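The following note sets out some points for a colleague to consider alongside the coordinates. It moves from chain architecture to interfaces and then to individual residues.

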Amino acid sequence: MKAVLAAALASLVLVAVYLAAGGGDYEPGAPPDPCRIQTKSQADGLTGTLERVGLNALAGSACELKVPRERLLLALAGEEDLGIDDDRRNESFRTGLRDALRQEQDAGNVDESTAFLLDQAIGILPVDAILDRLFGEGL
Amino acid sequence: MRRVPRAALLAIAVGLVLADSSVVTLALPDVFAEYDVTPSAVSWVLTAYNLVLALASVPAALLVLRRRGGARQVAFGGLIVFAVASLLCAVAPSLTVLVAARCLQGLGGAAVACAALVLLEAETGSRARGAAVWGAAGAFGAAVGPAVGGLLTETLSWQSIFILQVPLALVCLLAVRDARAPIAEPAGERRPDIRHLVAIGFLGAGLTAALFLLVLLLVAGWRLSPLTAALAVSIMPLAALSAARIRGGDVRTRGAVGAVLTAGGLAALGLMPSASVAWTVVPQVLIGIGLGLSLGPLTEAAIHGRTPLVLHGGWTLAARHVGVVAALALLTPVFTADLDTQEQRATESVLARILDSPLDPRTKIDVGLKLADELNRAEGEVPEIAPAFAGIEPREGEAPRLEALQSRVEDELDRAATTAFERSFLIAAALSLCALVPLLLPAGAPTAPRTRVAA
């Protein structure tokens, strides 16, 4: 019986050491809360503006739909099913884009006529074309 | 042929059969890639062999008993079937043919393993010595199987594992041809030793889980080469062989100690603090010691004082492989589901790292597209990260940030792969602990012997 208890003690010590060293918490990082994301861009000019608009739109829409921003991006790219109606999802993303565009306009990064043209494009272009422009090879 | 080489060849035959229950573990990713099937389907390459071995061991033992001289005939036929089936495995054009050939291998293997117990008893001139050599050869084969399979897969191909078995099986025929006639059976208990057989089954499940899951984690999860993984997992059989030399203690205590140590090691593997082979060393040592202390003595105890020897030997083989199959059947859907979940988590966390990285948006898009290419190329496996980053030209001042992103992406993938195996290792630990139940029940069965058998 002593041998069994010694074996149990050795096993428990090993498990305790692994837990103390971070075992059990070693897992992929959780995506950030989309409602608290502060978007920054390393690029200047129109490229930087478009990145901020895209990321802010994504975060705003994900916040409204209560899903991680990354899952929304995958869903918009047709890689994942969020279980949300496509029209509602796309409309939420367009609203996010318009809000983000307004922020850029308020910050003085986009003039009125460019904002008007972009707003028209947001309303007319299919979502995948917008995505390609913001997050794809079209940038 | 002299007695020792004959006994050695018979031991090699037993080792070969038992090694086959785990030898393809490290080759599974290559088999998976070759046949373009799901991970669950590929696991049948392992499961089929062990299932047939579990089901055919007792019937094979009964076949040996049917007439005088049966052991030699059954071993001879078994080795021929095993060799032909091995050749079929090597040239199988599809997974279905491979699995069918593995079933045939299992049939031949069951015949060889059971008949060899009787032949080894005759060769060594002692029931105890014959059983000891039989048990040691089987346990050694099962333990070194993954390392040998990994070595062959990396240096040659997964098919070479099966090709090599053909001449080995044929050489063992020489020993069977000249084998001595079986010695007379002493009177003894005829009923199977349920207590020890159940414990063997649970520990067999623990051993399989340890080898199968660890090898998959190292190769498919942490992206180590089969050769490196083979070296890494050889710690377990080395520890088992060392522990088998430890003498003393009754078989129930050794079995209980073995179950607890194996469970502790498996639980630690399920709680890895990082994706480093170093963290697998101590758990492997614990599992190896646990199995080395317990499996051989439990096998001997299940045979000791019982007659006919070959039938009880068949029961121990069946019990062990029922455990192996149960572990594979229970754990494969668990880790397959967990791999899917973690793949999704990894995709999201990698995407978050890319979106939030302090890089020019055009570099981010470049990284994203190249990673997507690697992901498609990996076809469901963990993608290679370095090639995706190697093709990216960083803008001025971006190189260190790009390197940091690569390191973060690799870390996220390691975390996801490790987490995917967590539940399976913990379930395997619970399975090993279940061996305590039959061992700690009040005594009622025949007295178990002091240990002699090496694990």
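In what order do the elements of chain A run from the N terminus on?

1. Architecture of chain A. The model is predicted. From the N terminus on, the elements of chain A follow the order α-α-α-α-α-α.

2. Extent and packing of chain A. Taken along the principal axes, the C-alpha atoms of chain A fill a box of roughly 85 × 35 × 25 Å. Buried residues make up 32% of the 139 residues in this chain. When contacts in chain A between residues at least 6 apart in sequence are considered, 55% of them join residues at least 24 apart.

3. The contact between chains A and B. Chain A contributes 34 residues to this contact and chain B contributes 36 residues. On the side of chain A that touches chain B, at least two residues come from each of helix H1 (2–20), helix H2 (45–65) and helix H3 (69–76) of chain A. H1(A) gives the most to that side, namely 10 residues. By class, the side of chain A that touches chain B comprises 20 nonpolar, 9 polar and 5 charged residues.

4. A residue in H1 of chain A. Ala16(A) lies in helix H1 of chain A. This residue is partly exposed, since 13 other C-beta atoms are found within 10 Å; a residue would need 20 or more to count as buried. The C-alpha atoms of Ala16(A) and Asp44(A) are 51 Å apart in space, while the two residues are 28 residues apart in sequence.

5. Domains of chain B. Chain B is divided into domain 1 (1–181) and domain 2 (188–455). Taken over C-alpha atoms, the centres of domain 1 of chain B and domain 2 of chain B are separated by 23 Å. The contact between them takes 44 residues from domain 1 of chain B and 43 residues from domain 2 of chain B. Helix H3 (39–42), helix H4 (44–65), helix H6 (95–124) and helix H7 (127–155) of chain B each supply at least two residues of the domain 1 side. The largest share of that side, 17 residues, comes from H7(B). The residues of the domain 1 side divide into 30 nonpolar, 11 polar and 3 charged.

6. The largest nonpolar core. This core has 201 residues, and those with the most contacts inside it are Cys114(B), Ala115(B), Ala116(B), Leu119(B) and Leu213(B). At least three of the core's residues are drawn from each of domain 1 (1–181) and domain 2 (188–455) of chain B. Apart from its neighbours within four places in sequence, Ala115(B) is in contact with Val64(B), Ala71(B), Val74(B), Ala75(B) and Gly78(B).

7. A loop residue of chain B. Pro182(B) is located in the loop between helix H8 (158–177) and helix H9 (194–221) of chain B. Is Pro182(B) buried or exposed? Pro182(B) counts as buried because it has 21 C-beta neighbours inside 10 Å. Not counting residues up to four places away in sequence, Pro182(B) touches Ala71(B), Val118(B), Glu121(B) and Ala122(B). Pro182(B) and Gln165(B) are 17 residues apart in sequence and 26 Å apart in space, C-alpha to C-alpha.

Key: Residues numbered from 1 in each chain as written. Chains lettered and ligands numbered in written order. Predicted model: local features only at pLDDT ≥ 70, side-chain atom pairs only at ≥ 80, totals over all residues. Helix = DSSP H or I, 4+ residues; strand = E, 2+ residues; numbered from the N terminus. Buried ≥ 20, exposed ≤ 12 C-beta atoms within 10 Å, placed from the backbone. Contact = placed C-beta atoms within 7 Å. Nonpolar A, V, L, I, M, F, W, Y, C, P; charged D, E, K, R; others polar. Domains from an automatic or database assignment. Core = buried A, V, L, I, M, F, W, Y, C linked by C-beta atoms within 7 Å.
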